[in-house]
Amino acid sequence: MTILACDLGGTRLKIGVVRDGLVLAQAVEPAHSERGLAPQLPVLKAAWLRLLGGLRLTPADCTGVTVAFPSLVDNATGRILSAYGKYTDAVAIDLQAWARAELALPLVIENDARMALIGEWRAGAGRDCNDLVMMTLGTGLGTCAIMDGRAVRGRHGQAGVLGGHLSVRYGGRPCSCGNLGCAE
């Protein structure tokens, strides 16, 4: 199974072609997340096409697209639920429709920290564990959990989000999410 993968970070776009858990090719592009997601979609497509070309593949050789997004997502509907200062236009973008129109592929989206934890659980340090948590440190702070062998999401995608946009300092600095003193 060959997948087009990307991690939409606040600072960098990490873009790759993955086959059966092995990264075949990868690229990094500036995120410019403050400009929104729509201007970055052509960058993602061009990078994937360039990587596929180097591998002598086309999108037709791929099974789908996977996106790790730095905020709350509804992985069942493929919709982005919120954007805290990064890719603020993302809530209005139908990424599944974009992937079908531009690459003729289905798309799966997940919160970036949860996606990282699922990767560790399936193929990394968390193999053979059915209960684990992760904290990611990057442009932002992400947290998530797996309990009894299931990613914790909750009804609104917030379950297992143990930090990030959680006020930890009374009277602290204003955060892009509107709270004061967020851990992020």
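This is a predicted model: local features need pLDDT of at least 70, side-chain atom pairs count only at pLDDT 80 or more; totals for chains, interfaces and linings use all residues.
Student: What makes the set of 33 residues a nonpolar core?

Tutor: A nonpolar core joins buried residues such as Leu, Trp and Val through side-chain atoms within 4.5 Å. The largest such set here has 33 residues, and Leu4, Leu8, Leu37, Leu44, Trp48 and Val65 are those with the most contacts inside it. Among the elements giving it two or more residues are β1 (2-8), α1 (41-54) and α2 (95-103). The most comes from α1, with 6 residues.

Student: Which residues does valine 65 contact, leaving aside its neighbours within four places in sequence?

Tutor: Its partners include Leu4, Trp48, Ala99, Leu103 and Val108. Contact means heavy atoms within 4.5 Å, so each of these pairs meets that cut-off.

Student: How do you know that the buried residues of α2 line one face of the helix?

Tutor: Those residues are Leu95, Trp98, Ala99 and Leu103. Looking down the axis of α2, they fall within an arc of 95°, so they line one face. They are covered by elements including β1, α1, β4, β6 (79-80) and β7.

Student: Why are Arg100 and Ala101 called exposed?

Tutor: Exposed means over 50% relative accessible area, so that is the cut-off behind the word. Arg100 and Ala101 carry this label, on the face of α2 turned away from its buried side.

Technical notes:
Residues are numbered from 1 along each chain as its sequence is written. Side-chain values use heavy atoms; hydrogens and water are left out. Buried means under 20% relative accessible area, exposed over 50%, partly exposed in between (1.4 Å probe, protein chains only). Helices (H or I, at least four residues) and strands (E, at least two) are DSSP runs, numbered from the N terminus. The arc is that of the directions from the helix axis to the C-beta atoms.
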